[in-house]
Amino acid sequence: MGAFIEFDKVTKQYGTADRVFYALKDASFTIEQGEMVVILGPSGAGKSTLLNLLGGMDVASSGSIISCGEDISQYNDNQLTGYRARNVAVVFQFYNLIPTLTAYENVALMRDIVNDTMDPKEALESVGLGDHMHQFPAQMSGGEQQRVALARALVNRPDILLADEPTGNLDPKTSEEIMKLLEQINERGTTVLVVTHNKEIVNQMKKRVVTMHDGVIISDEKEGGYHEA
Ligand code: ADP
């Protein structure tokens, strides 16, 4: 049995042969099932590229990517579609909710894409939103909207949750609540990768920290903290 997640010399490049630009260069690492990993680095470091490759939303230029024990870098479009629906979930800085649907309806939408989802009510309760199910996004705070996005992410019971700056638009107290919620989701068994700029919270959490710069992983620490680049 190989690694749960394994990047082996993964490169993503743009441009032409005489002007190559590396969004990710020779990235190699493994992540165990049930781990929580924080990804740090300045804008343009390659953090989103790494998440998008692992999420099956982008394809590497070279190298291999094992996820959930399978070589997803060999997958065709159909296989990637299935992988995205079954195995991974993503949340972003902007919550990407549909404004004309309630919290419940935003989560329930997933039932059209994935078979055998969790009950949307249960997913919303698991993120502490049991009392807000019938509100529209505009009637909720930013933190509440991010919780809806998390409920929508969890409703298909993903193996991996990818969070790309989930607190980028939130005040410090709400950011801390969302990061705590990510930790709880992780403790319930989901492998979590989170990109954040939240220095204080990262230092408190004492999770594994991968730091990137110019498409390269420059450090990977078990109980890491925030470094100035
Ligand atoms: P981060 O998430 O750390 O801010 P990204 O992974 O978004 O960094 O981007 C890494 C680099 O790759 C950036 O310099 C970005 O401009 C570049 N890049 C990302 N996507 C594309 C694309 N589709 N075409 C060209 N360059 C891209």
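Glu35 has a relative accessible area of 17% and is buried, since the cut-off for buried is under 20%. These values come from a predicted model. Arg208 also counts as buried, at 11% relative accessibility.

Glu35 and Arg208 form a salt bridge, in which the closest N and O atoms are 3.1 Å apart. Glu35 belongs to the loop between β2 and β3, while Arg208 is in strand β9, so the pair ties together parts that are 173 residues apart in sequence.

## Salt bridges within helices

In the whole structure, a search finds eight salt bridges. One of them joins the side chains of Glu125 and Lys121, at 3.3 Å from N to O. Both residues lie in helix α4 (residues 120-126), four residues apart, which is about one turn of the helix. Glu125 is partly exposed at 42% relative accessibility, and Lys121 is partly exposed with a relative accessible area of 38%.

Another salt bridge links the side chains of Lys180 and Glu176, at 3.2 Å from N to O. Helix α6 (residues 172-187) holds both Lys180 and Glu176, four residues apart, or about one turn of the helix. Lys180 has a relative accessible area of 42% and is partly exposed; Glu176, at 30% relative accessibility, counts as partly exposed too. Elsewhere, salt bridges with shared partners join Glu35, Arg208 and Asp220 into one network.

## Strand β9 and its neighbours

Five of the six residues of β9 are buried, so this strand is largely enclosed by the rest of the structure. β9 pairs with β3 in the parallel sense over four bridges, and Ile39 stands opposite Val210 in β9.

β9 also pairs with strand β10 (residues 216-221), in the antiparallel sense and over five bridges. Here Met212 stands opposite Ile217 in β10. Two residues separate β9 and β10 in a hairpin, and Asp214 in the turn has a positive phi of about 50°.

## The cavity

How many cavities of 30 Å³ or more does the structure hold? There is one. The largest cavity contains about 40 Å³ of space. Its lining is made up of Phe29, Ile31, Val37, Ile39, Leu50, Leu193, Arg208 and Val210.

Of the lining residues, seven are nonpolar, none is polar and one is charged. At least two lining residues come from each of β2 (19-31), β3 (36-40) and β9 (208-213).

Notes: Residues numbered from 1 in each chain as written. Predicted model: local features only at pLDDT ≥ 70, side-chain atom pairs only at ≥ 80, totals over all residues. Heavy atoms only, no water. 1 Å grid on protein atoms, 1.4 Å probe; cavity = no way out; pocket = protein on both sides within 12 Å on 5 of 7 lines; lining within 4 Å. Points joined across faces, edges and corners; volume = space filled by probe spheres on them. Nonpolar A, V, L, I, M, F, W, Y, C, P; charged D, E, K, R; others polar. Buried < 20%, exposed > 50% of the residue type's maximum accessible area, 1.4 Å probe, protein only. Pairing = 2+ DSSP bridges. Salt bridge = Lys/Arg side-chain N within 4 Å of Asp/Glu carboxyl O.
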